[in-house]
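Trainee: Please take a close look at one part of this structure with me, and then connect it to the rest of the chain. I would like the cut-off behind each term as you use it.

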Amino acid sequence: MTTRKAIVDHVAALLRSALGDAVKAVHASRVRHIQSADLPAVGVYALKEKADHKDTSPRRYERSLTLAVEVVAEANRELDAILYDRADRIELALLDDPTFGGLVDDSELDAVEISLAESGERLMGCARIDCTVTYERPLADAPLDVFATGGVSWDLVSPAGTPDGTIDAQDTLTLPQEAPHAPHP
């Protein structure tokens with residue numbers, strides 16, 4: 001499972017619990033909640049992601065993922081109240097768990113947009129909550145061999161000032177090792 005999918009799945013599960021009966025369904029999908037016959041429904045999906053690499057070896061990338069949480073409801077007299085309430089509940093649930101259970105480094109609320117969709121068979125309202133999620137992801141390079149020991153030998157010079165080809169001393173150096181960085185899920 002990709003980190004992106006794990007983030008979306010975690011947030012969908014978080015919102016199922018936080019919203020309870022306030023919505024009929026929460027989908028980890030950008031399409032299923034719009035097609036749902038049971039409204040209001042929520043969709044959780046990734047919009048875009050930016051990757052900035054760190055100058056490390058092996059290389060790691062800090063990711064900034066724009067995550068969208070969208071509430072869709074049928075337009076009726078209660079539409080605004082429904083969208084405002086569900087958007088507030090979603091914000092609070094996201095702010096209460098900014099690392100999504102330790103899955104990411106942090107998340108920040110960016111924007112809330114409430115709109116009306118006039119195309120289609122039914123008039124629908126939508127509230128979209130966008131947040132930026134940051135996490136680190138290692139590059140999938142082959143691991144580097146660890147240089148753990150080194151051999152050293154000395155050939156002392158002869159009285160004439162040149163090496164005589166005889167090894168006069170020898171040693172093995174054991175170098176301190178750093179624990180490798182654990183990859184982020």
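Mentor: Helix α3 covers residues 79–96, and at 1.5 Å a residue its 18 residues should span 26 Å, which agrees with the 26 Å between its end C-alpha atoms. The expected span is 1.5 Å times one less than the number of residues in the helix. Helices (H or I, at least four residues) and strands (E, at least two) are DSSP runs, numbered from the N terminus. This is a predicted model, in which local features need pLDDT of at least 70 and side-chain atom pairs count only at pLDDT 80 or more, while totals for chains, interfaces and linings use all residues. Residues are numbered from 1 along each chain as its sequence is written, and side-chain values use heavy atoms, with hydrogens and water left out.

The buried residues of α3 are Leu79, Ile82, Leu83, Arg86, Ala87, Ile90, Glu91, Ala93 and Leu94. They cover an arc of only 165° around the axis, which puts them on the same side of α3; the arc is that of the directions from the helix axis to the C-beta atoms. Turned away from this buried side is a face that carries the exposed residues Leu92 and Asp96. Here buried means under 20% relative accessible area, exposed over 50% and partly exposed in between, with a 1.4 Å probe and protein chains only.

Arg86, one of the buried residues, has a relative accessible area of 14%, and its side chain meets that of Asp85 in a salt bridge with an N to O distance of 3.0 Å. Asp85, by contrast, is partly exposed at 28%. A salt bridge is a side-chain nitrogen of Lys or Arg within 4 Å of a carboxyl oxygen of Asp or Glu, and by this rule the count comes to six. Side chains of opposite charge can pair when their charged atoms come close.

The C-alpha atoms of Thr132 and Glu108 are separated by 5.3 Å, although the two are 24 residues apart along the chain. Leaving aside residues up to four places away in sequence, Thr132 touches Ser64, Leu65, Asp106, Ser107, Glu108 and Asp110, contact meaning heavy atoms within 4.5 Å. A further salt bridge joins Arg128 to Asp130, with the closest N and O atoms 2.9 Å apart; Arg128 counts as partly exposed at 24% relative accessibility, whereas Asp130 counts as buried at 12%.

The side chains of Glu49 and Arg4 meet in a salt bridge (2.6 Å, N to O). Glu49 lies in strand β2 (residues 41–54) and Arg4 in helix α1, so the pair ties together parts that are 45 residues apart in sequence. Arg4, Glu49 and Arg63 are linked in a network of salt bridges.

For the chain as a whole, there are three helices and seven strands, running α-β-α-β-β-α-β-β-β-β from the N terminus on. Of its 185 residues, 34% count as buried, and residues 24 or more positions apart account for 56% of the contacts with a separation of 6 or more.
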